[in-house]
Amino acid sequence: MCAAGLLSLAACMSSGSLPTVTADFETAAVFNRGDAADDAVVIPGNDGNFWIVGADKQFGLRVYDNEGAQLLSLGTGRLNNVDAVRLNDGSFVVTASNRTTIAIDVFVGRPAGKTLDLKLASSIPLDLVEPYGLCMARLAGETFVFVGDKSGTVEQWRLDGQLQAERQRVFEYDSQTEGCVVDTVTNRLYVGEEVTGIWVTDLATGQTSLFAAVDGRTLKADVEGLDIYDNGEQRWLVASSQGNNSFVLFDPADGSEQLRFRVDRNDEGTLDGVSDTDGVAVYSASLDGYPDGILVVQDGRNTHPRGNQNFKVIDWRKIEKQRIGQ
């Protein structure tokens with residue numbers, strides 16, 4: 001990162017040789033100063049409408065509309081990571097790692113027109129030291145939650161139809177993990193060990209290998225958010241590299257790097273760039289105004305205009321344009 005006091009953040013972010021994109025809009029800032037906003041998930045409606053559900057780790061969950069205005073807040077504790085899966089009836093199960101109660105909070109979300117009805121349904125107590133990273137998946141018709149802590153432990157839980165939970169297995173890493181995502185096509189779990197790299201585990205066999213190492217170039221510690229873009233034709237693993245304020249697209253088939261980029265300030269100066277990112281969220285299908293989906297990233301500084309942390313939303317077409325070199 002650029003040294004504070006020597007270069008402005010804007011100069012720091014524009015001085016590198018990486019391709020850049022700009023955000024299309026940003027959410028309202030969280031209410032608390034300092035390290036607050038973290039991870040997000042996109043909940044689609046039935047007519048192209050969508051909501052962004054963001055974790056505020058000093059408060060709980062915050063729900064934003066498709067222009068970034070806050071619609072709802074649920075103060076359930078210091079929630080760190082959040083994810084969601086769609087059920088057959090059109091509702092969503094949303095889970096979040098709760099560092100206050102040492103639990104997985106389970107919410108049910110029901111889209112209704114322009115409104116997302118989101119309510120806390122249950123809480124799953126954990127024996128972890130401090131719940132941290134979290135991701136979800138639907139596999140063979142069942143719902144799973146993967147949750148880790150700062151010690152390097154990641155647990156797999158199965159949720160039944162009544163949202164009761166059963167712990168199924170435990171994965172161990174040498175140091176702190178956070179971002180994770182399940183590739184439901186290949187049945188693989190990706191976990192970011194912040195100072196080491198991204199690990200991949202075959203959930204059928206349990207075999208684990210290092211997918212991408214922290215090398216100071218492609219990935220610079222900390223490895224933070226992970227998600228998968230899959231539009232039926234293209235499949236990319238998306239990672240946030242916090243140490244150099246950048247994002248990476250990997251081909252999950254062979255681990256090859258497809259694109260590294262930054263999110264920079266727009267020409268009008270109305271939307272700042274993105275730095276010090278924690279969580280990332282991808283939605284790969286068409287949304288109103290975004291036919292190829294969106295990328296949502298947490299902004300750790302939010303400098304123009306200066307404010308508390310928030311989330312930036314990027315039209316995926318901009319990222320694809322950079323990937324193909326146009």
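Which residue in S12 stands opposite alanine 137? Phenylalanine 144 takes that position.

The views below show a predicted model, in which local features need pLDDT of at least 70, side-chain atom pairs count only at pLDDT 80 or more, and totals for chains, interfaces and linings use all residues. Residues are numbered from 1 along each chain as its sequence is written, and side-chain values use heavy atoms, with hydrogens and water left out.

**View 1. Strand S12 and its burial.** Strands (E, at least two residues) are DSSP runs numbered from the N terminus. Strand S12 spans residues 142–149, and seven of its eight residues are buried, so the strand is largely enclosed by the rest of the structure. Buried means under 20% relative accessible area (1.4 Å probe, protein chains only).

**View 2. The hairpin of S11 and S12.** Strand S11 (residues 131–139) pairs with S12 in the antiparallel sense over seven bridges; pairing requires at least two DSSP bridges between two strands. Two residues separate S11 from S12 in this hairpin, and alanine 140 in the turn has a positive phi of about 50°.

**View 3. The hairpin of S12 and S13.** S12 and strand S13 (residues 153–159) run antiparallel and are joined by six bridges. Phenylalanine 144 stands opposite arginine 158 in S13. Three residues lie between the two strands, and glycine 152 in the turn has a positive phi of about 105°.

**View 4. Arginine 62 and two rings.** The charged end of arginine 62 sits over the ring of phenylalanine 31, 4.4 Å from its centre, and over the ring of phenylalanine 59, 4.2 Å from its centre. The criterion is NZ of Lys or CZ of Arg within 6 Å of the ring centre and within 35 degrees of the ring normal.

How values were computed. Buried < 20%, exposed > 50% of the residue type's maximum accessible area, 1.4 Å probe, protein only. Helix = DSSP H or I, 4+ residues; strand = E, 2+ residues; numbered from the N terminus.
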